[in-house]
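Hi,

Here is the structure I said I'd pass on.

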Amino acid sequence: MPRPTARAEQKQQTRQALMDAARSLMEGGRGFGSLSLREVARSAGIVPTGFYRHFCDMDELGLALVAEVGETFRAAIRDVRRHEFEVRGMIDASVRIFLAAVVANHAQFLFLAREQYGGSLPVRQAITALRLRITGDLAADLKLMNRMPHLDDAALDVVSDLVVKTVFATLPELIDPPPPGQAEHLSAEAKIVQQLRFIMIGGKHWRGLGNPET
């Protein structure tokens with residue numbers, strides 16, 4: 001009989017195999033909502049009834065995938081926090097670090113890019129909650145870094161929300177290969193750098209919420 005630790009390790013491996021199988025099927029162009037429990041189990045090499053030892057349904061599997069990419073996303077942000085740059089350099093470094101995370105975890109970010117508008121309500125809600133946590137982290141960072149000392153907490157929340165929504169909206173372009181002949185300044189990487197720079201420079205000149213002259 002396997003030791004308890006060995007059983008736990010095997011259970012974790014099977015759970016991870018189911019998550020990997022779902023992502024692999026999605027890399028073929030499928031949306032998460034179109035995947036069936038049976039085909040995910042079959043792709044992971046287990047019988048369908050074995051699926052229920054790890055997830056109660058496909059939505060719970062989707063929530064696990066959101067949690068996984070959330071950890072990867074926030075780890076990249078923690079890496080950004082370790083760098084202290086001027087606004088221009090900070091943006092360039094932040095985009096480089098984030099793009100490296102996207103490349104290294106392509107399947108995870110493909111899931112995130114597609115399913116923020118996908119068919120599973122629980123998954124969409126979990127992605128929204130993740131985006132709000134990241135927005136809150138960024139607002140706290142901006143306050144700590146004192147980049148926009150003239151803005152109050154509510155205004156910093158608005159700036160942070162715009163930054164994070166820009167990143168999430170650009171994810172599909174960062175994931176997919178660019179169209180042939182695309183101009184360099186219209187590449188996803190170039191656009192996100194310029195858009196974030198625009199937001200940060202604008203934030204330094206914005207007078208905040210409730211000011212009719214801004």
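Searching the whole structure turns up eight salt bridges, where a salt bridge is a side-chain nitrogen of Lys or Arg within 4 Å of a carboxyl oxygen of Asp or Glu. Bear in mind that this is a predicted model, where local features need pLDDT of at least 70, side-chain atom pairs count only at pLDDT 80 or more, and totals for chains, interfaces and linings use all residues. Residues are numbered from 1 along each chain as its sequence is written, and side-chain values use heavy atoms, with hydrogens and water left out.

Helices here are DSSP runs of H or I, at least four residues, numbered from the N terminus.

Are those two partners buried or exposed? Arg 23 is buried, at 9% relative accessible area, and Glu 68 also counts as buried, at 18%. For the cut-offs, buried means under 20% relative accessible area, exposed over 50%, and partly exposed in between (1.4 Å probe, protein chains only).

Asp 161 is another one to click on. Its salt bridge with Arg 131 has the closest N and O atoms 3.5 Å apart. Asp 161 is partly exposed at 23% relative accessibility, while Arg 131 is buried at 17%.

Asp 161 also meets Lys 165 in a salt bridge, at 3.2 Å from N to O. Both of these residues lie in helix H8, four residues apart, which is about one turn of the helix. Lys 165 is partly exposed, with 40% relative accessibility.

Back to Arg 23 for a moment: salt bridges with shared partners join Asp 20, Arg 23 and Glu 68 into one network.

Last item, helix H6 (residues 106-115). H6 is mostly covered, with eight of its 10 residues buried. The buried ones include Phe 109, Leu 110, Phe 111 and Leu 112, and also Gln 108 and Glu 115.

Cheers

Conventions. Helices (H or I, at least four residues) and strands (E, at least two) are DSSP runs, numbered from the N terminus.
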